[in-house]
Each structure stands twice: as structure tokens, then as C-alpha cells.
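Thanks for coming, everyone. I'll walk through a few local features, one after another. Please have a look at the sequence and the model first.

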Amino acid sequence: MSFMGLSFLKNIKNLYFALPKQHQIIITSCALVVLFLLVVPLKSSKQTTSSAAGEFKVGQRYQVAIPENLSNDLPSATIELPVKPSDTFEYKETPVRDLPSNIEESSAQLQWQSVKVRSGDSLAKIFKRNSLNATTTHKVITAQGEGSELLKKLSVGDIMRIGKDDKGSLVSLEYPLSKNETLFVNLQNQQYHAYKESKAVEVREAIAHGIIKSNFWNAAASAGLNDGQIINLANVFGWDIDFALDIREGDSFNVIYENQYVEGEFIGTGKIVAAEFINQGDSFQAIRFTDGEYYSADGRSMRKAFLRAPVSFRYISSNFKPKRFHPIQKRWKAHNGTDYRAKKGTPVVAAGNGKVTHSTYNKYNGNYVFIQHGNGIVTKYLHFSKRAVKKGQRVKQGQVIGYVGSTGMSQAPHLHYEFLLNGVHRNPRTVKLPDAKPISTKYRKAFDEIAAQRLAELSGSRRIMLSMQPSTD
């Protein structure tokens, strides 16, 4: 052997003995195993007559035991060498179960509970009933994302779904915010995350029509309108029609309104988009524009600058009269306003925008408020149980200015309401009220197109209603 070969072997030997003892053992063991594997087939071929020399049997498993004396640090083991023809080898990948990305992977199988919100319930109370502690409540309320703060105020009757893992820990929560929106709170990376999910709302238009036989409410209900729609319809035309006194048998109405659906399921009604009311032979039409306001067919606002009745009343106890016998003073005198009988404490609102010129008390008017409006108009409100505004204060239409009472010269709780134009008393129920602003000029073309469509639809609804009336022949 050459000198360089001996030198190389000497270097290998020095390097081997320089290694830690544990590494020396591992290298020695591996070398012995490799040497053993190379030698065994040769020995086996001499003893096996049924197989070719130096070959393993196909499909046969061979066991090789590592000698225990190789190392005390290596446990004995059995190595199985399955031999299988390569052309029949099959590889099967273990399928991975899909998990929602917003839920902990270890909680794919959740135990769900449906919980109904009771009167006086809070999230803490609900969680306590379902074995969830205050810490979980706090984490859910302060979850990352948006919407978790909505859980601070729950609606009675709502159904909340709670998903727990096999340890009883909260992993997922679902709470309906409306018929098309749901709040989700899910555990992800040991932190709760909240988000809202909305379903698309499909809007379909429907029509309702009716003829008044006894009263407006019954006729509207019979036409299929719900309470909210009936009130809305009255509000649309309330500037022109007194639904307490002006309605007559034979009056009629046609309404086009929205129905809302989610995934084909009806969830409720939407806005009234157009309506027509025929009162004592006079026709009133209202069309809803994209700004949410109602206008007549020629673009005038359905809202007038003043409310005809600034209080929700039971009935009118005394009308505007040039001469009336005063029940307290026992003499004939003009009654320059309208008395609206209402329960004590009923809110009274300003009939229009203006400035309070009087807010005080005297023995005749009791607690009273006077408001100065534009164009020489003054409105007066008498016999309050309590005033809600002060002299000099500016108020807006619909703002509460006091509460119905029976102070001063009054026999029962009511509001005495007066309307003056340039210092002259006018009947609040019949005086021509100034119109609010019409449709803006820049939107007039768009409105005219919508109005033409809506008027055609109302006309069609009217024809349907007439065709359904019984023949008088």
C-alpha cells in the first residue's frame, strides 16, 4: 500500500477516535448493519434451494435483529423490509378534512345548543346557564372585528346558537341581528373574532286596494296591509286628509308597496313606493323618490310646512267656532281654536319650525306656549300639564314642546290649539298650509320618469279594483 494510502487511513482513524464515544458507537453500529446486510444474502442462497441465488422471495418479510452488545444506548429493534413488485406499488394519500378557516381546527366537531333569549337576559346570564364563565363573556364582548358589542343588548325571543368543543369551551356563537343579517363570533388562534354576514334581500312589489265601508283601518287591514303600513299610509296623506274626521264611506285607496324575501322566504314588508287616496271625490297621489320623501305627481312635497294636528288625540272635543258657550265662564264667546281631547301627559309637538315667544302660565291658559313661524304665522298651545321649551328657544317641526294637561280654565285634559295668520285666527283644520320644498330641479327629469311609471301602475291597480266591484245591474 502506498504511503499516501496509509496516511489517509491514519487520518481517518485519528478522526474517528477524536469523536465523542456516543458518535463512535452509532458509526460502528451502522457499519455493522450494512456489512451484515451484504453478507446475509450470500449465506441464505446456500441454504435456499427453491429460490435463485442471492435473491429474496417476492412478498416475503425478513427480520434482522441488531445485536444487543453493539451498544447499551441503542434499544433492540426489528426492521421489516416488505418486498413488493414495483409495478404494483400503490400510494394512497390520507385525506385532510376541510375545516372552516374561522374555527379552531381541533374543534371541527362541535356540540351545538340553541338558546332563547328571555326577559331580563344578558350575555353573561345566558353563558352562566350554559356553563360558560365570566372570562369567556368578556372575551366574546371584546372580540376582534366588528359587531360583538351588539351582544350587550339582546332582544327577547331571539334564538342564539352556541357551539362548544368536547371540553365544554365556547368555540362558535351565532346571533341573528335581523332576518337577513347574522353576527358570528368564532375562536381562532386562541382569540375570538367577530363579523357580520348579510344575505341578499330580494324586493318584489305588490299592490293593495280597498274601498272604505265602515272605517279606514278595517278597509286597509282587509286589503292585506299590516299595522305599520296602515300608519305609514295615513302619514303620507295626513297633510291633506284628516283621517279622524274627513274619511267617508265610499272613499278608496290604491297602494304599491315592497315585499322583502331572503332566499325565497318572505321576511317582511318594505316601503310604500306609490299610493293614491280618493277622499270625498278628491284624488291625492303620492310617489316616493330616491331621497325617501313623498311627492305629488307634479313634484310638490306631500309634507306641508305645518302639522294640522300637533298631538295624537282621541277625538276633537270642540271645533273652531265664531261663537260658543263657554262651559266655565258661562257666556257666549268665540272659540278661536280646536280642542283635541287626549290623555294627560300625551306629548305635544311643534306644528312647524319657529321660535318660542311665550312659555309661561296664567289662570286662563294654564301652562301655554306660543311659537312664531315665518310668513306671519303664529301657533298657540294651551293647558299643558308641563312645558318642555323656554322663551326664545328655536324649535323644529315635530319637536316636543309640552304635555297635555288641564291647567287654567279647563274641565278635562286636552290641547287647545290656535293658528293665526297675520294676527287673524284661522281654523287649524281647514286653513291652507304652505307647501314644503318641491323636488329639486336637478332631479326633476329622474323624478318625472319614476312618476310616469308609478302613475301607470296606480291606474292599472284602479282598473283592477273597479273590475272586482259587484255589478249594480
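In β22, G354 has V395 as its bridge partner. That belongs to the pairing of strand β19 (residues 354-362) with strand β22 (residues 394-395), antiparallel, with 2 bridges. Strands here are DSSP E runs of at least two residues, helices are H or I runs of at least four, and both are numbered from the N terminus. Two strands pair if DSSP finds at least two bridges between them.

A word on the source. This is a predicted model, with local features needing pLDDT of at least 70 and side-chain atom pairs counting only at pLDDT 80 or more, while totals for chains, interfaces and linings use all residues. Residues are numbered from 1 along each chain as its sequence is written, and side-chain values use heavy atoms, with hydrogens and water left out.

Back to β19. It also pairs with strand β20 (residues 366-372), antiparallel, over 7 bridges. H358 has its bridge partner in β20, namely F370. A hairpin of 3 residues connects β19 to β20.

Next, the open sheet. It has 6 strands in the order β3-β5-β6-β7-β8-β4, and the pairing is mixed. Which strands stand at the edges? They are β3 (111-116) and β4 (144-145); each has a single partner strand, so one side of each lacks a neighbour in the sheet. β4 runs parallel to β8 (residues 191-198), joined by 2 bridges. Q144 has H193 in β8 as its bridge partner. Helix α4 (residues 134-141) packs on this sheet, touching β6 (170-176), β7 (181-188) and β8. Contact means heavy atoms within 4.5 Å. The direction of α4 makes about 50° with that of β8. Axes are lines fitted to C-alpha atoms, for helices over the stretch in contact, and angles run from 0 to 180 degrees between N-to-C directions.

Now helix α6 (residues 227-237). Its buried residues include Q229, I230, L233, A234, V236 and F237. Buried means under 20% relative accessible area, exposed over 50%, partly exposed in between, with a 1.4 Å probe and protein chains only. Down the axis of α6, the buried residues fall within an arc of 160°, so they line one face of the helix. That arc is taken from the directions from helix axis to C-beta atoms. Among the elements covering them are α5, β10 (252-262) and β11 (265-279).

Last, K213. It sits in the loop between β9 (202-211) and α5 (216-222). Buried or exposed? K213 counts as exposed because its relative accessibility is 67%.
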